[in-house]
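Please look at the sequence and the 3D structure shown here, and then work through the questions and answers that follow.

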Amino acid sequence: MNSSPAIDPARCASFDVDAQRTFTPLCPDELPVPEGDQIVAELNAQAALLRWRVGSKDAHNPQAVWITDDAAKIGQPGVPGPHVEEHWPAHAIAGSEGFRLLPGLPHPAEYDFFVWKGVEPDMHPYGACYHDLAERLSTGVIEWLKARDVTHVAVGGLATDFCVKATVLQLQQAGLQVLLNQAACRGIAADSSAQALNEMRNAGVIVCQNAAELASLLAGNGQGSAKGPANGSGNDSGNSGSTSP
Ligand SMILES: [Zn+2]
């Protein structure tokens with residue numbers, strides 16, 4: 001893909017990662033991400049370009065061991081057990097308002113595949129591809145995508161610096177080419193989001209500004225802002241005839 005050939009949309013999936021009200025100003029007492037509710041149009045535009053649409057949700061238990069009301073503990077490690085890292089305020093409790101997808105997204109039943117994660121009270125994964133932090137217990141989404149010969153996955157959702165980053169890295173590590181749609185994501189903090197983008201780029205992820213740029217990439221124009229081809233020794237046979245010295 002160094003010379004950015006057209007990508008077959010029939011082998012592409014769109015992934016809405018945790019695009020839930022709990023991560024938006026609609027639920028200010030949970031884990032609101034600034035502008036988290038403003039990604040819907042981009043998620044829908046991205047999905048309209050591609051053959052498959054998959055999604056994930058945090059689906060937490062009201063008895064979860066990581067729940068805290070102590071502001072000083074939020075985001076801090078120290079929760080006992082191998083499947084949990086940080087403390088968080090209660091969020092995305094199954095059945096609550098925050099658990100719902102953002103207004104304007106389809107019902108989960110209308111997706112082609114859907115993941116509910118973090119149901120166990122002592123498990124809080126970030127990535128949507130594995131139920132556990134050790135990445136041993138698959139949620140099945142990677143296998144589902146591969147069974148349909150998917151090669152590329154466009155990703156958006158909440159939040160850039162946590163669940164989106166983790167899911168993107170898991171997909172990329174599984175051999176799928178991820179196209180991150182920046183306009184379809186929002187992060188908790190600017191610095192951690194910028195760092196997450198760097199980590200994703202370094203892993204080979206192609207970062208697109210928005211669904212319009214994604215459409216252009218699908219058509220074979222442009223190459224996003226991935227690291228790009230490092231060498232110029234591509235096979236140019238049959239092109240304009242100009243040769244490198
Ligand atoms: Zn969560």
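Helices (H or I, at least four residues) and strands (E, at least two) are DSSP runs, numbered from the N terminus. The model is a predicted one, in which local features need pLDDT of at least 70 and side-chain atom pairs count only at pLDDT 80 or more, while totals for chains, interfaces and linings use all residues. Residue numbers start from 1 along each chain as its sequence is written.

Q: In what order do the elements of the protein chain run from the N terminus on?
A: The secondary structure of the protein chain comes to 5 helices and 6 strands. Read from the N terminus on, these elements run β-α-β-β-α-β-α-β-α-β-α.

Q: What is the strand order of the open sheet?
A: Two strands pair if DSSP finds at least two bridges between them. The edge positions are held by S3 and strand S6 (206–208), each of which pairs on one side only. The open sheet has 6 strands with parallel pairing, in the order S3-S2-S1-S4-S5-S6.

Q: How many residues of strand S1 are buried?
A: A residue is buried if 20 or more other C-beta atoms lie within 10 Å of its own, exposed if 12 or fewer, and partly exposed in between, with C-beta atoms placed from the backbone. Both faces of S1 are covered, with Cys-12, Ser-14 and Asp-16 buried on one side and Ala-13, Phe-15 and Val-17 buried on the other. For strand S1 (residues 12–17), the number of buried residues is therefore, by that cut-off, 6 of 6.

Q: What is the handedness of the β-α-β crossover from S1 to S2?
A: S1 is joined to strand S2 (residues 52–58) by 5 bridges, the two strands running parallel, and Phe-15 has Val-54 as its bridge partner in S2. A crossover counts as right-handed if, with the strands pointing away from the viewer, the path from the first strand over the helix to the second runs clockwise. The chain passes from S1 through helix H1 (residues 40–49) to S2, and this crossover is right-handed.

Q: Why do the buried residues of H1 line one face of the helix?
A: In H1, the residues Leu-43, Gln-46 and Ala-47 are buried. The arc used here is that of the directions from the helix axis to the C-beta atoms. Seen down the axis of H1, its buried residues line one face because they fall within an arc of 100°.

Q: Is Glu-135 buried, partly exposed or exposed?
A: Glu-135 is found in the loop between strand S3 (113–117) and helix H2 (141–147). Leaving aside neighbours within four places in sequence, Glu-135 is in contact (C-beta atoms, placed from the backbone, within 7 Å) with Tyr-130 and Gln-170. Because 16 other C-beta atoms lie within 10 Å, Glu-135 is partly exposed.

Definitions and conventions: Contact = placed C-beta atoms within 7 Å.
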